[in-house]
Amino acid sequence: KEKRWETKLAPGLTYTQIKRGHPDKHDYYTVNIMFTEIKGDAKRIAERLKTDGYKPKVKRVKDIKQNDIKQKSLGYLVRVGKYEEKMDAEQKAHQLEKDGFGDSSVVYTGYFNMKTTGPWNIHVIEINPDMFKGSIDSRLATGIVRGKEKVSSIADRSGALAAVNGGYFVVGPDDGTVGDLAGISMVNGNLVSESVGNRTSLILNPDKEKTARITKIDTKTTIVSSDGAKKTIDGLNRKPGLIRSCGGTGGDLPSEHPMHDFTCTDSSELIIFKSVYGSQTPNGEGVEIVLNENGKVVELYKERGTDIPEKGAVLTGTGTAANWLLHHAQEGEKINVHTKLVTNDGTIEAGENTSIINGGPQLLKNGQIMINAAEEGFNWNSDFYYHFGRHRYPRTLAGIKPNGNILLVAAGGGNPEKSIGLSFLESARVMKALGATEALNLDGGGSTTMVVDDQLVNDPTDQTGERPVGDAIVLLPEN
């Protein structure tokens, strides 16, 4: 059974809540002991458990057909117990940890049981660009790159009719600049963060013909000194040396390919900072030059931690990039910055109203389910992919219908009584059922948030409540 409640927020702007399904009487709590790609390892752990008096189960995990992952079998799960109450499962997990099985964790089978009956609670905002006289934009948390902010707060200070969380971002300082978008970000035509490889992203107001596009997009930024020397920029407005979700250039370790929620490193980087980052560059070793608004080098420092001019920029170099600045960016020289936004259809020219929100993986392409989880870095190991993509979680999704209408979706998760969430495949199916022909996954889990008419309409899963995020998509009223 399904129930729907529809509210018109403005001409061309509709909010719909969908409730479907009910708790499955066959679902229960259990304790995960391990996930491994090697069957023999699973069997050995199972034998250890049996020796200690437990009754383990080993389950082979198969992959779905609607993605680009080649292996049919992802690996093997070892589990113990069947409990109606979460508390009982937690007590068993504690006992297992005391017996040497330290990676034990409690999980509800409804989060991975493909035949479960639910429940699901899904929130949908639909925008008809021909009727909606307001605007759909991206907003950075705190108004700058540094720092996080709740979607409800972003919506309030923006005067938004509605808002959802946006792309992936850096959560903690060990992975870079907290709040930095871990992927491409453009706000009002200004590029503030580089792409992760050429991941699928959401482009708003890309040109006069379309209000939105979902496509793969890659950022390519180079600088040219007045002496003719050229250099590739590694990143924009982020801490040098830490590349969240990887997908960068120039010798990043362990890979230049996307690796979601993994932080690659590079001891030699060239980063450009603008005032949208904050007031000052991160402290550390390296060389920094200050450019005025005309691109002329006006100051040079042999350490990091420089004030960023309101107009102009700071170029930060570490390792060999620092040496490049010393040789080609002396005071008085001019540095020209060239940036390209490259899609499968060629380069695009951003307008002053263009916004880009990072995401991934792609879910729908030309009306068909096409999940490029491996290409976009969500299968750098099977354990990660199983728990991130095959498991049900809260999801934030974006889609475009054939008539150009835009869909923003927040699917609740993590709650057996209210909503168990969606897998990647189920996310694609939901977007297709809602009428989208193009769709992608945005940041989810505890980040999934939707605000409508100043009210938080979903149930965030973090114990502390609504999670501060890096950016949000906002629906603004007509000026």
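**Exercise 1. In which strand does Arg60 lie?**

Let's start by locating the residue: Arg60 is part of strand S4. Strands here are DSSP runs of E with at least two residues, helices are runs of H or I with at least four, and both are numbered from the N terminus. A note on the model: it is predicted, so local features need pLDDT of at least 70, side-chain atom pairs count only at pLDDT 80 or more, and totals for chains, interfaces and linings use all residues. Residues are numbered from 1 along each chain as its sequence is written, and side-chain values use heavy atoms, leaving out hydrogens and water.

**Exercise 2. Decide whether Arg60 is buried, partly exposed or exposed.**

Step 1: recall the cut-offs. Buried means under 20% relative accessible area, exposed over 50%, and partly exposed in between (1.4 Å probe, protein chains only).

Step 2: apply them. Arg60 has a relative accessible area of 41%, so this residue is partly exposed.

**Exercise 3. Describe how strand S3 is enclosed and paired.**

Step 1: look at burial. Strand S3 (residues 29-36) is largely enclosed by the rest of the structure, because seven of its eight residues are buried.

Step 2: find the partners, remembering that two strands pair if DSSP finds at least two bridges between them. S3 and strand S5 (residues 73-83) run antiparallel, joined by six bridges. S3 also runs antiparallel to strand S6 (residues 105-108), with four bridges.

Step 3: pick out residue pairs. Tyr76 in S5 stands opposite Thr36, while Val106 in S6 is the bridge partner of Val31.
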